[in-house]
Amino acid sequence: MPTAAYSAVPAEENGDHTPVKVRHPHQDLPQFTWRAVWVGISIGALLCFTNMYFGLQTGWISMMSLQSSLLGFAIFKALKPYLSVKFGPAENIVLQSIAVATGTMPLAAGFVGIIPALQMMTIEDNPPREDGSHPGGPIVLTTKELILWCLAIAFFGVFIAVPLRKQVIIKEKLPFPSGTATAQMIGVLHNAPLVIQDDHTHLRSGGGSDQETGIRRRRGGGGGGGGGGGNEDDDEEATILPVSPGHGSTKRRGYDSTSITNTGLAPHQQPLGQMAPLGSSSPSAISSRSTETERGVFNEENNGRIEIGGEDGEFSLDKTFLQEDNWRINMAALGISFTLSGLYTVLSYFFPVIAAIPVFDWLSGMTIAFGSTWQWFFTPSLSYIGQGVIMGFPTTASMLLGCIVGWGILSPIATLNKWVMGPVSSSTSGARGWILWISLGVMIAESIVSLIGVVALSLVAHHRYSVKAKRFEERRRLLEARAALDADAHFEEYLLHDDEETEDEDAPEDQLVPLKIWVCGLILSSSLCLFLIWVLFKDEHMPVYATALALVLGSLLSVLGVRALGSTDLNPVSGIGKVSQFVFAGVVPGGIVANLIAGGIAEAGAQQAGDLMQDLKTGHLMGASPKAQFWGQLIGSLASVFISTGVYKLYSSTYELPGPQFAVPTAKVWLDLARLVNGHSLPEHTAPFIWGFAGLFAGLTILTTVYSDVAFLKKLEKHGKGDGSRPKWLGYIPSGIAFAIGMYNLPNFTLARFVGGLVSIWWDWHCKRYAGAKYANLGRVFLIIIASGFVLGEGTLSIANLVLKTYGVHSWSCAGCVEGICVCN
C-alpha cells in the first residue's frame, strides 16, 4: 500500500479543506526479498561466531543492530551497479532483523550459559537413577539433541512479542532507544524520512521551536521503506477534530507554504531524530536556508545533524556521512580495524605472550607474582578495547571498580585468611569461585529491584495512559458534537490540540501479522517446546507440567522484559532467568536440571521477544511492514538453530569448556544459583559480603530506578518534550550488573575494556576541542565503526585459531610466557 504524508499547509493556503498527500520516494521499493534474507543470514552468522566467542570467554553478547544495518547497506552499495531493484530502507530493516535473530542465538539458546552449566554438573547435582536408566552427573547433549533444544526454545518468544506491539509501540510509544537509533541510522544511510514522528527521538537544530502545533503525526501505508502494491485510495485520511477558534488557527501560529517538507509536517514539529527534514529548524530558517532534493530537505546551516543514542552510546550523524570521501574513510577504517584485530588474534596463537602481558610483575620488579598468583595481567586485545568504546566510560568504570574490589581486595582477603584452599584462578576451590558468589548476590539484588521497578513503572504509566485515553474520548465526543452544530467551520478550526495524547496510527491491515497466525504460532511453538523438552529431558527430572509452567512464567516475564527494554534499553534477561530459578526451586525441589532448563526457557522467551520488539520499533518509525519483520525474525531464528549449534560444537570439541581460554563464567553463575536455591550451602565466610554488597547495590538501584522512572513519566506527561532527563549525578552511581561483571571476569579483560572507555571519552573531547579537523569532523560514529571492526575482527578470525587448534598446530614461540596466565599451544 502506498504511503501518503499529510501537509501542514492551512486550508486557505491549499485552496480547500483537504490535507495534501505527498508520496515518499521509497514507498514502492520491496521489503521482504530473498537477497535480504541471504545477506542477513550471512551477517548474522558472522555475529553468531563473534557472540559465541566472547560469550564463552566473558559472557558478553551484543545485538549489533546498527552494525548489521551498516554492513548490509555497505554490501548493497558496493553491488549497486549490478542491482536491478534499488536496496531500500525497509529492506534494510528486514535484513538487520534477520541478522540480529541469527546472531543472538548463542544467548537465547543458552550456549553461553545453560548448556555449559548442564555439562558442569556433578553426581551430587544430578544423582543417577536407582534403576540404572541414566548414570547421572554431567549432561552433554549431542549435535542432534542441541538442534532439538534450539528448536524447542527458538520461536515462542517471537510469537509473544506480536500482540505486545500495539500496546507498547503504538499506544504507549515506549522509546526503545536502540531500535530508534537503528531507524535513525537507516534513515541517514538511505536519506529517507522517518514515517512516524516519535516523541522520544531527537533532532539537533539551531533555533528550533517547541511551540505547539495543531497537526498530529500522520501515517499512511507502507512508509519510508514501503512495500509496493495498493493504490492511493487506500491511504488513511487525516482525522480532523474541532478545537476552539482561539487554538485552531494555523495562520496565527506562523505557518507559511515555504515551511512544508516532504513529510507533510511543519518543520518545528520534527522532534529530535526525525529524518525529514534532517536538521530542520524554525519555519523561517527553513524557508530561507533549505535546499530541496529529490529525497528530502536539508538545513544547510547544520547539515541535518541528528543525535543517535542506543546500546552503542550516543553519536551524531549528518548528510556528510554519505559523502564519497567520508564514506570511503569510514569503510577503510572498518576494514583496517577488522584486519588489525584479526591479525592480533592469529598472532596471539603463535606468540601467546602478547595475549597475557605480565605488566604488573614488571612494575613490581618481578618481586611479586601478580600474574600467576593473583591473576593481574594485561591482554591488549583490540576487540576488548573496542567493547569498552561501545560500552562507554561509565560502564567500564563500574567494571573496573568491581574488578578492584573483587580481585584486588576480596580475593587476597579470602586467600590469605585461608577461607579457600585452592589457587586463586580456580572457580571451584579458589578465590575466583569465592568472589563469584558475591557478584551473584549483587546481580540478584539489582535484577529483582529492577524488575520490581519495571512493574511499578508499567502500572503507573498504564494508569496515566488510561486516564488520558478516557479524557481524550470525552473531548472527542464533545468536539464532534460541536462540529455537527457548526457546519460552516473551516479546516483549521477543527484540529486536535497537540497537548492531547493520541496513539500512532498503525500499519495497514495487510502488513500486520494476522491474528490466526500468531495465535496458532504461539500454540504450536509452545506445544513443540513441551514435546521436545520431554524428548530430551524426560529422564532428567523435568516433568511436562514443569515445562508448561516454565512457558507460562517465561511469557509473563517476557512482558516485563519488553517493557524494561522499551523504557531503559536494557533487557533484563539475566534477572528474568534468575527469577525463574527461584520459582522453580519450589516447583521441583532439589531438581537442579529442571531449575536450569526453566531458567533457560524464560531467558529465551525474553531475549527473542525483546529482539523482535526492538526491530518492530525500528520498522514502525520507518514504515516497514511488521509482517515482513516477523517472518524475517522467524527465518533468522531457524537458520541460527543450525548455525549456532555448529559453532558451539566446534568450540566445545576443540577447547575445554570451561577452561583456560574459555572460562564460561555465566554458566558457573547459573549453576551456583541453581545449587543455592535447591538447598546447597554458601561457601564459608561469603554470607556477610553477599548481604553487604547486595544491600548496597539494591539501595543504589532503588535510587536510580526511582529517579529514572520519575524522569521517564515526566517525559511521557509532556509527550516527549521538555527536559524529562535524569539528574546528572546519577551518572556517577556505579551499575550493579557492570560491577558484578568486573568481579567475576578476570582483570585482564576488564582492564582492556577500561582502556576502551578512556579512549571513548578522549575521542569525545578531541572532537569538541578540534572540531573541523581531519577525522575529528567525522565524530563519534567514526570511533564506533573502528570499535565494531575490532570486535568483529577477533570474533571472525578466532575461527582460524580454532582450525589451527583442531589440526594440532603448535605455537611458534612461548618466550616470555608466565605459567598460569599464558596458554601455549
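Biologist: Where is Val562 found?
Modeller: Val562 sits in helix α19, residues 544-568. Helices here are DSSP runs of H or I, at least four residues, numbered from the N terminus. This is a predicted model: local features need pLDDT of at least 70, side-chain atom pairs count only at pLDDT 80 or more, and totals for chains, interfaces and linings use all residues. Residues are numbered from 1 along each chain as its sequence is written, and side-chain values use heavy atoms, with hydrogens and water left out.

Biologist: Is Val562 buried or exposed?
Modeller: Buried, because its relative accessibility is 1%. Buried means under 20% relative accessible area, exposed over 50%, partly exposed in between (1.4 Å probe, protein chains only).

Biologist: How far apart are Val562 and Leu164?
Modeller: 8.5 Å in space, C-alpha to C-alpha. In sequence, 398 residues separate Val562 and Leu164.

Biologist: Switching to cavities. How many of 30 Å³ or more?
Modeller: Seven. On a 1 Å grid over the protein atoms alone, a cavity is a set of points where a 1.4 Å probe fits but cannot get out; a pocket is an open set with protein on both sides within 12 Å along at least five of seven lines; lining residues have an atom within 4 Å of a point. Points are joined across faces, edges and corners, and a volume is the space filled by probe spheres set on them.

Biologist: What about the second largest cavity?
Modeller: About 100 Å³. It has 12 lining residues, and Leu66, Gln67, Leu70, Ile785 and Ser788 are the closest to its centre.

Biologist: Which helix gives the most to that lining?
Modeller: α27, with five residues. The lining has 10 nonpolar residues, two polar and no charged. Nonpolar covers Ala, Val, Leu, Ile, Met, Phe, Trp, Tyr, Cys and Pro; charged covers Asp, Glu, Lys and Arg; the others, Gly among them, are polar.

Biologist: And the second largest pocket, how much space?
Modeller: About 950 Å³. Of its 46 lining residues, Pro660, Gln661, Phe662, Phe749 and Val823 are the closest to the centre.

Biologist: Which helices supply at least two residues there?
Modeller: Among them are α2 (34-58), α17 (431-485) and α27 (780-806). The lining divides into 25 nonpolar, 17 polar and four charged residues.

Biologist: Last one. Where is Tyr732?
Modeller: In the loop between α24 (687-717) and α25 (736-744). Tyr732 is exposed, with a relative accessible area of 75%.
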